[in-house]
Structure formats: structure tokens, C-alpha cells
Amino acid sequence: MIEQDRIKKILFGGDYNPEQWPEEVWEEDMRLFKLAHVDTVTINVFSWAMLQPSEEVYDFSKLDKIMEMAKKNYLNVCLATSTGAHPAWMARKYPDILRADAQGIKRQFGSRHNSCPNSKTYRCYAPKLAAKIAERYKGYDNIVAWHISNEFGGECHCDNCQRAFRVWLKERYGTIEKLNVAWNMAFWGHTLYDFEDVVLPDLRSEEFLRPGRTCSSFQGISLDYKRFNSESLLECFRLEREAVRAITPNIPITTNLMGTYKPLDYQKWAKEMDFISWNNYPEYDAIASQVAFSHDLMRGIKQGKPFALMEQTPSVSNWHPYCALKRPGVMRLYSYQAVAHGADTILFFQMRRSKGACEKYHGALIDHCGHEHTRVFKEMSELGKELDHLGSAVLGGYTQSEVAIVFDWDNWWASELSAGPSQNINYLKEVQTYYHYFHSHHIPVDIIGVDDDLSQYKIVIAPLLYMCKEGFDQKLRDYIKNGGSFVTTYFSGYVDDHDLVVGAYPGHLKDLLGIWVEEIDALPPETSNYFDYKGQIYPAMIACDLLHTKTAEALSTYKQDFYAGMPAVTKNQYGDGQTYYIATRSNDAFYEAFFDDLTKQLGIFPIISIPREIETTIRQNKNGNFLFLLNHSRETLKCEIDREGKELFTNQSYQKGDTLTFLPYDVKIIKF
């Protein structure tokens, strides 16, 4: 996290773009910031055009004034490098900087995420600007973090990327013969004779559209391109990171991630970042567990370390299909939900609403009316005041978990690039379904990657482990032999790192699971099968693995169609541990019954016995243990507390058995 001696509380504030406004507005902003208890601003996010008006000219005069104003008003600065959108002169003079879309159409200047990550122009001028900013402001002691570019993302299919992709593949595979094997290019006579034969997989070549997704005729090619694209953008991050680190080695460096953002492998990105920061923009109908999952994912990619909530909206987004207002209390609730799951900052986009372009109706601390007499300003001011009161109490807190869920970007990409078995296979939803059980039962979960240590967990769950990467099966063997419990699902263990089938399903997991899968039946949305579990009937949806037991026992069987009587849920003893295979997608009622049994058997208990509408987490640090209780309902709820402690907002002491009252969207933090 932001490791600065001057940070004594949860940072509060957000994106501030004074360059978009006349300077006479700036001092009024400072007055309003003080009223709202704002202590931190992210500045200089999209200022490349202002800072470099031509190839040889750099102009820092306006940014100098902004930096001095921030320092004079005792504001911490998260200083961005401005490279999220290149200036117009650069696109005109060096068109190689412009991206091409999946149809090969060259983009013109405009929008953002508009720079080709493999453009020599971009890779020259972006780190050069970052270095100049670092050199100019290295003496400012209020810079608490570097913010590299902004929301890296998107894909490019231009000639720059095609040439770079060929180089990347040659470094990865060495010879064209090995590449042909990895991609199974004997299929359809696709044999390559030279790396110059490689073309980008897109809508001009191997990829095609199906409802809701892009599929590929050659998944190995598309999978490697996604890896390449993620690494290309990551290399751009590294170039700027090294430019500022050489000048300001003691300032931590981050960039704002986007939670469950599919195109970039954030587990690889996390290794390159000093701390994780991310932007949280749930839609109006998002359920609490979906938002919590994203927070835990961002915490998990850095092995449980605290993260920064870099952006959220104070009231309304501008880009959702339905830009509903956050109801009174929801902004505060979402802010503390982030803290409950590991955030040490509460930052927003934006501090003052823009007067033009697509984000002019995106929520802000200071609305277009320009004064403090708004609902949103008052709510944010109260939140700022609360954070002053909390001080450093929960800073640096970590979460202890006995349950881990595996999340892997390669699995996400590969399972959905496949031309079968069902377009309704959805990796993210499958993982979130399993997470939802534990969230609703107040059981902490770590979201981990295949490289992370498993030994601390009583149970590891890997939904849709379609691709079992090299070495992960052995890691699972060691974990299970030593007493661990493992759960996986249909469409798991089918392929290797190159998306090549490894033999009878579930491949290298067959001995662990004690089964082999003969076929998989994809069920159209209007149909389902059924299976029994402990005398109850549950639906089997999306896909059904038709499997045979070897050493496993069947806990459940399908009830209809030609595979009636075949196992739907199995259990296998392996060493001192046990494995479970759930051969289909079911409903919440089944997962409730199944995991109720498994958690009881393994001695995994809820943090607290409390209504499900109240989300709970515990963070621990040198100051003690902190129980977060968040009411996500619109109703007033009451419950008993099972321990004694003191509530941080009110300083009220509670004894075991006392009744807690939660108003709608209420939050309590109890130290015990």
C-alpha cells in the first residue's frame, strides 16, 4: 500500500482536473475541499496535450500552479503521468501510434485507450514525459503515489502489433516447428513455414462472433494473442514505472485496474505494481457479493495486501445502460464495503463535474451548481468527517481465510474462446456463484491464482478449471495428500497451457478426482436435467458431464435422459484429503446444501451468526481485530452480537447478547 510516514488515516478525495476550469474557480475548490475533509487529490491524469503542445515543447506552467496549490492547501497528491490519451499532433505526425480494431480498420485520433502499445512513438514519448514530470516535481513531499497512465486496456490489431507478436512468439517457442505443434496447425492445413506467416487472430482471420462473445477457430492462436496483448500493455506500464522510479525511488507506483476486467491478466500485472489500486463502478442492480468478489479479487492478486480504491462515483455513473443515482447512504455503504475487504483509501471520480464531453453527467463532489448545498456534497462531507475520526485504526488490516477460490485469466479466456460446448459457459459467473455461498454465510474467502500457496486453506475451490496449467496438478496433489479438500466442476482439466486436449477428461486431474468423463452434454436454455442430493432434487443446467467413477463414490446421480443414473456429484479420498467433482451447473439451493455439509465437516464457521442481508468481514492489524457489519437492505434490521466490543463511529460498548440495530444501508465497525 502507500507506505508514507505522513499517512495516518484512510485517504479521502479523488480525481481533480482543475486544468479544465478557469483559475478563478480553483480557490473556491480549495474551500469546498476543506469543508468536505478532502485530503488527497489525483491530478494530471489526462494532461498530455497541455504538457506537450508540440514535439519539442513541454509546458508545465499550469501544472506548476496546480501542484503549488495542492501543497499550499496540505493536500496529498497521487500524481499521474498523463499518458492515457496522446495529443493530436502526435497522431497527425506519427500515425503508427493509432490502434487498429479487430477488423483491421485504423482508428483516427480521438477517445482514449487510443495508443498502440507496440508503437515505437508511444514507447518513446510516454516514458519521456513521465520522466520529465518526475524530475520537475521530485522535491514535493506531498506526492504519496505515482499513477501510471490510466485504466490500461483494449486491444490493437495493427501492423506494429503483428510484427511484435511474431517476435514474442519466436522468443516463446524458439522454432516454427514447436509453434505448429503448440497450435495444432496440422488441422485445416494451417501449417506455418516461417514466423512471417503468423497473422493476428481477429475477425479477418481465425475469430468469429457468437452472441455475447468472440470465438476462435484456433484457440491456441487467440489465447497467445491475449497473453501477448496483456504483456504488451504491461511493458508500457513498466517503461513509465522505470522512468519515474529512477528519479523518485521512494514513491510507490501503481495504476488503476478495473476489477473483473477480462482483457488483462491482472495476476501478472500485480507482480509489477507496488500496490494495487482499482476503480469500482457496480451497476444499479449489482448484488453485494458481486462487488465484494471484485474487492477480494483485487486483494487476492497481491496475496492479501491492502489495496487502494482509486475511483468510485459519489452518486451516478455516465456510462452504464441505466445511470441510476446511488440512494442516500449507498455511497457510504459502498465506501466502507471497500474498506471491509482491504481498501486503505476511499477515492472518487470526480471532484468537480466537467462541463462538457461524455463525463459531464458523471457524479462529483462539486456539482455543476458549484456550491456545497447538495445532497451528495453533504453525504461526502459526513464521510470525510467520519474518516478523520477513524484515523489510523484499521489501516493495513488483513483478512484471515480458510477458504480459497482459484481465479485464472487464462482459464477465463480459454474456456470462452472455445467453439463448444455451450455459448452459455461463463467463467466469471461460475466463480461468482461459488463465491456467493461463502459471502452470504459470512465466511471469508481469498481469491487466489494458480501460483499461490495452498497450504493455509482448509478448502480450495476451482470452478471451471478448463485449463490445468503445467505444475498445478502436482501442487494440488501435494495439498490434498496433506489433508486439503478440493472442489472443481464440469468442463475442468480438459486442456494444457496451449489449449490442447491432454487425453481422457479431466486430464491430469483424473487420479485426484477418481473419475473419467466420457462426454459432455450442452443443455439449451429452455431445457434442464435433474439430480438428487441427500433426498432433494436440484436442476442440472448449461452442461452435464457424463462420467464414470474409478476410485470415487457417487454422491448424486442424474435423474433423466439416457444418462439417468450416471454420477452428477462425486467424492474421492486422496491421501489424507478429499476431492469433489460437481459435473454440472445447478442453483443456489444446491450449493447451499452441498457447502453446508462440507463446511460443517471441515470445521469452517461463519464470522458471526447474523442475517444474510448484513455483510461481514474482519480485518486485523496491530491495533486489534475489527468486525465490519454492513446492511445492504432497505430495511431496518436487528440482531444479537456474539462478542463484546466497541463501535468505532459512536464509541458505544457492546456486551455479548446485546442487540444491534441497523438502519437501511447502515455500517458498523466493532473493535474486539
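**A strand pair, a buried serine and a pocket**

Modeller: Strand β18 (residues 536–549) is joined to β17 by five bridges, and the two strands run antiparallel. The model is a predicted one. Together β17 and β18 make a hairpin, with two residues between the strands. Lys 534 lies in that turn and has a positive phi of about 55°.

Elsewhere, Ser 115 sits in the loop between α4 (88–93) and α5 (120–137). Its relative accessible area is 6%, so Ser 115 is buried, the limit being under 20%. Leaving aside residues up to four places away in sequence, Ser 115 touches His 86, Ile 97, Arg 99 and Tyr 122. With His 86 there is also a polar contact, side chain to side chain, at 2.6 Å.

The remaining site is the second largest pocket, with a volume of about 660 Å³. It is lined by 34 residues, of which Glu 283, Tyr 284, Ala 286, Val 330 and Tyr 334 are the closest to its centre. At least two lining residues come from each of α10 (288–300), α11 (330–340), α14 (427–440) and β23 (614–621). By type, the lining of this pocket has 16 nonpolar, 11 polar and seven charged residues.

Notes:
Residues are numbered from 1 along each chain as its sequence is written. This is a predicted model: local features need pLDDT of at least 70, side-chain atom pairs count only at pLDDT 80 or more; totals for chains, interfaces and linings use all residues. Side-chain values use heavy atoms; hydrogens and water are left out. Two strands pair if DSSP finds at least two bridges between them. Helices (H or I, at least four residues) and strands (E, at least two) are DSSP runs, numbered from the N terminus. Buried means under 20% relative accessible area, exposed over 50%, partly exposed in between (1.4 Å probe, protein chains only). A polar contact is a pair of N or O atoms within 3.5 Å; within protein, one must be able to donate a hydrogen and the other to accept it, and residues adjacent in sequence count only if both atoms are side-chain atoms. Contact means heavy atoms within 4.5 Å. On a 1 Å grid over the protein atoms alone, a cavity is a set of points where a 1.4 Å probe fits but cannot get out, and a pocket is an open set with protein on both sides within 12 Å along at least five of seven lines; lining residues have an atom within 4 Å of a point. Grid points are joined across faces, edges and corners, and a volume is the space filled by probe spheres set on the points. Ala, Val, Leu, Ile, Met, Phe, Trp, Tyr, Cys and Pro count as nonpolar, Asp, Glu, Lys and Arg as charged, and the others, Gly among them, as polar.
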